[in-house]
Structure formats: C-alpha cells, structure tokens
Amino acid sequence: VAHSATRAFLIITFKPVPSGTNGGVSALGTAASVLGGLSLGLCFALTSPAAGHLSLPEALFIGALSGFLGSMVDSVLGATVQFS
C-alpha cells in the first residue's frame, strides 16, 4: 500500500489521521484521482466512437470529475462501513 507524503484527513471529520487510514484523504491522493480521471477522459475522447458527441474539454472535465467523485465516495465508504 502506498502512503502519501502529504497530510491525510478523515473525510467525515476532517481530523488528521495517519496516511493509509480507511477514509483518509490527502491532497496528493485527490490529485492522483483527478489525473487518473483526466487520462481516462482523454482515452475516451481519442478512441471511442461515442466521443463524437463530446468536445475534448467536455470529455476531460467528465473524466476529472468522475475521478474526484469516485475517490470521495470511496473515502466516505471507507470511513463509515469498511471494517479494518
């Protein structure tokens, strides 16, 4: 498991937690989620026939937003229902 060098906070209380804690978020991890979403949006825009309905900026925005929201939902679930 990789651990962020940046400070992590529990998503439901915003209190500092050790890196790697279920439900913890960090700036580095959140940025990685957004960049991952951007890369998927770019791949979609360049390869999918369905991409003709979206401009490149729209596909990138949707990808980045999806990466961000997916990361936040995962963190909330990790903080509230994941057993560890």
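**Loop, sheet and helix pair**

Modeller: The loop between strand 1 and strand 2 holds F14, and since this is a predicted model, what I say about that residue and the others rests on computed values.

Colleague: What is the phi of F14, which is not a glycine?

Modeller: As background, most residues other than glycine have a negative phi. F14 is not a glycine, and yet its phi is positive. The residue sits in the loop between strand 1 and strand 2, and its phi is about 65°.

Colleague: Is F14 buried or exposed?

Modeller: The relative accessible area of F14 is 61%, and the class of exposed begins over 50%. F14 is therefore counted as exposed.

Colleague: In what order do the three strands of the open sheet lie?

Modeller: Strand 2 (16-17) and strand 3 (24-26) are the edge strands, each of them pairing on one side only. Strand 1 (residues 8-10) pairs with strand 2 in the antiparallel sense over two bridges. The sheet is open and its pairing antiparallel, with the order 2-1-3.

Colleague: Which residue in strand 2 is the bridge partner of A8?

Modeller: Strand 1, residues 8-10, pairs with strand 2 over two bridges. In strand 2, the bridge partner of A8 is V17.

Colleague: At roughly what angle do the axes of helix 1 and helix 2 cross?

Modeller: Helix 1 covers residues 27-47 and helix 2 covers residues 56-80, and their axes come within 7 Å. The crossing is right-handed, and the angle between the axes is roughly 140°.

Colleague: Which residue has a side chain joined to that of S71 by a polar contact?

Modeller: S71 is found in helix 2, and its relative accessible area of 16% places it among the buried residues, for which the limit is under 20%. A polar contact of 3.2 Å joins the side chain of S71 to that of S33.

Colleague: The backbone oxygen of which residue lies 2.9 Å from a polar atom of the side chain of T30?

Modeller: T30 lies in helix 1 and is buried, with a relative accessible area of 18%. Leaving aside residues up to four places away in sequence, T30 touches V25, F68 and M72. The backbone oxygen at 2.9 Å from the polar side-chain atom of T30 belongs to S26.

Colleague: How far apart in space are A45 and S55, C-alpha to C-alpha?

Modeller: A45 lies in helix 1 and is partly exposed, with a relative accessible area of 24%. Not counting residues up to four places away in sequence, A45 touches A51, L56 and A59. A45 and S55 are ten residues apart in sequence, and their C-alpha separation is 7.8 Å.

Colleague: What distance separates the C-alpha atoms of I62 and G37?

Modeller: I62 is found in helix 2, where its relative accessible area of 44% makes it partly exposed. I62 and G37 are 25 residues apart along the chain, and their C-alpha atoms are separated by 8.0 Å.

Conventions
Residues are numbered from 1 along each chain as its sequence is written. This is a predicted model: local features need pLDDT of at least 70, side-chain atom pairs count only at pLDDT 80 or more; totals for chains, interfaces and linings use all residues. Side-chain values use heavy atoms; hydrogens and water are left out. Axes are lines fitted to C-alpha atoms, for helices over the stretch in contact, and angles run from 0 to 180 degrees between N-to-C directions. Helices (H or I, at least four residues) and strands (E, at least two) are DSSP runs, numbered from the N terminus. A crossing is left-handed if the near helix is turned anticlockwise from the far one by less than a right angle, and right-handed if clockwise. Two strands pair if DSSP finds at least two bridges between them. Buried means under 20% relative accessible area, exposed over 50%, partly exposed in between (1.4 Å probe, protein chains only). A polar contact is a pair of N or O atoms within 3.5 Å; within protein, one must be able to donate a hydrogen and the other to accept it, and residues adjacent in sequence count only if both atoms are side-chain atoms. Contact means heavy atoms within 4.5 Å.
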